[in-house]
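Entries follow in the order I made them.

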Amino acid sequence: MRRISAASLILLIIAVSSIYLPMAYRKLFIPDTEKTHLLFSPVTKKFVYREQLIGDIPEEVRSKADDHHSEIAYGDQDGNYYGRLDFERMLPFIYSKNMDMLGLLPIEIDSRSFDIEEIKRGRQVMEMTPEKLRKHSTRPSVWPLLETDSGQARLVLPDDVFRMTDDRMEFVNADSNQVDRELTEKFTRALLKEGFSFPARSVNSRVTVLKPFDDGVFIVDHDYDVFHVKRVKGEPFVRKTSIDRDIKTRYVLVSENLRKVYHGLLIGQDGRAWLLGFDDYETIPLPLEGYNPDEMDLKILTDPLYVTATWSDETTIHGLAMDRSYRPVASFDHTMSRAADTRAKKIYRALFPFSLDLGHRRRGNMEISFRLGDRTAVVGIVAALTALLTVGSSIRKRRPKPYEIILVALTGLYGLIAVFLVDPER
């Protein structure tokens, strides 16, 4: 019985250690580093970036850091470094407020003059992250359908929400939790009239009232047709879009930008991305080579001259600049400084052959995941075995048992801690 208790305690110590020791090490020695900001300069026609450097800081970067931390580098695709103000001057469409305050606007680029108002009118940003996809999302499958034409200065949330069942668009009063049969019948009938095929595959909307206007929701039906649905003065507005069902729309990132050039960004089942035109639902393909919506962040930045796409995983960021006709004009790939294999990361991999991670990097909800280390962990395991056979034998006045050697050989530091704390022989 005592040995069973000891074995249980050893396993518990190993489990707890594999959660909190790696977590504590990362907090102390491997700080979180934000991703590199990659942008296309309409002035120099080159990609430029702002990056937090990890490891050794080049002397040229230090010499440029007059008004910011020296680990922040402002560079370009040719390896040149700049001071912050020179960097912002290369991006007048991004830092337009600063440029205006410095009296640098209007600015002439490519024989065209741009003042701050024209820059504002021509700018739009869309950001796509993996957790927006249904596969990775934790949000409940109910959505509010805002009143698009409320006659008020600001948008307000309705008293009801809707969900897509196998055969209807069902509205539920949020206060009474009762199905609103009249509204359900009205919207379901409107969908069927437009040719909607139940059940729906996805509902896509921007759930917030903090936006300049409401563009409704985009619902993908069972046949991959996409329907644009709004509530206009309490009545359904349903339009079957011209989006090709062969795209197999997976997600629509609704933008709701006052430019009203795009409804947003469309992601297909195969991971390809399209801009979705505002007036006619035209799909404009984006040649984003290597983009994986399940793993990568994507940003589309439109300015008065260019459309720039950047997409990145944990180590590499890619950039593609296009003219306003969506023809590529420049591209650049950059390994981010956060990918640097520092001494702290090498020690981490040697110390911890595996870890149990709590939570999720993006969503923040509670999850437990197992992460296996790499071959570097062999160094830590050999060190743990050496400690067990030498220091351990000396302290405990006995040679380690075979099961203790096996345990440490399999779990490294975790097992070493466990056998030191729990000794069934005592």
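**Entry 1, helix 7.** I started with helix 7, residues 343–351, and listed its buried residues: A344, Y348 and A350. They span an arc of only 165° around the axis, so they sit on the same side of helix 7. I then checked what they pack against and found helix 1, strand 22 and helix 8. I note that this is a predicted model.

Which residues of helix 9 are buried? In this helix, residues 402–411, I get E404, L407, V408 and T411. Viewed down the axis, they fall within an arc of 95°, so they line one face of helix 9. On the face turned away from the buried side I found the exposed residues P402, I406 and L410. The cover over the buried residues of helix 9 includes helix 1 (2–29), strand 22 (354–358), helix 8 (377–396) and helix 10 (413–421).

The angle is about 10°, and the axes lie 10 Å apart. Angles under 35 degrees count as roughly parallel, so helix 8 and helix 10 are roughly parallel to each other. From helix 8, the contact uses A384, A387, L388, G392, I395 and R396. From helix 10, it uses L413, L416, V419 and F420.

The unreviewed entry lists residues 372–391 and 403–422 under "transmembrane region". I compared both spans with the model. For 372–391, the end C-alpha atoms lie 28 Å apart, and the span is 75% helix and 5% strand. For 403–422, the end C-alpha atoms lie 13 Å apart, with 90% helix and 0% strand.

**Entry 5, strands 22 and 23.** These two strands run antiparallel and are joined by five bridges. D357 stands opposite S369 of strand 23. Is strand 23 buried or in the open? Of its five residues, 368–372, the number buried is zero, so strand 23 lies largely in the open.

I traced an open sheet with the order 14-15-16-17 and antiparallel pairing. Strand 14 (249–254) and strand 17 (283–286) are at the edges, each with a single partner strand, so one side of each has no neighbour in the sheet. On average, neighbouring strands of this sheet are turned by 30° against each other, direction ignored. Strand 16, residues 273–277, pairs with strand 17 over four bridges, in the antiparallel sense. There, L276 has T283 of strand 17 as its bridge partner.

Most residues other than glycine have a negative phi, and most peptide bonds are trans. I searched for departures. The bond joining L105 and P106 is cis, with omega about 0°. P106 sits in the loop between helix 4 (96–101) and strand 5 (107–109). The bond from F198 to P199 is also cis, with omega near -5°. P199 lies in the loop between helix 6 (181–193) and strand 10 (202–204).

S111 is in the loop between strand 5 and strand 6 (112–114). At 71% relative accessibility, S111 counts as exposed. E256 is in the loop between strand 14 and strand 15 (262–268). E256 is buried, at a relative accessible area of 2%.

Notes. Residues are numbered from 1 along each chain as its sequence is written. This is a predicted model: local features need pLDDT of at least 70, side-chain atom pairs count only at pLDDT 80 or more; totals for chains, interfaces and linings use all residues. Side-chain values use heavy atoms; hydrogens and water are left out. Buried means under 20% relative accessible area, exposed over 50%, partly exposed in between (1.4 Å probe, protein chains only). The arc is that of the directions from the helix axis to the C-beta atoms. Contact means heavy atoms within 4.5 Å. Two strands pair if DSSP finds at least two bridges between them. UniProt positions are given in the numbering used here, feature names are shortened, and annotations may be inferred rather than shown by experiment. Axes are lines fitted to C-alpha atoms, for helices over the stretch in contact, and angles run from 0 to 180 degrees between N-to-C directions. Angles under 35 degrees count as roughly parallel, over 145 as roughly antiparallel, 65 to 115 as roughly perpendicular and the rest as oblique.
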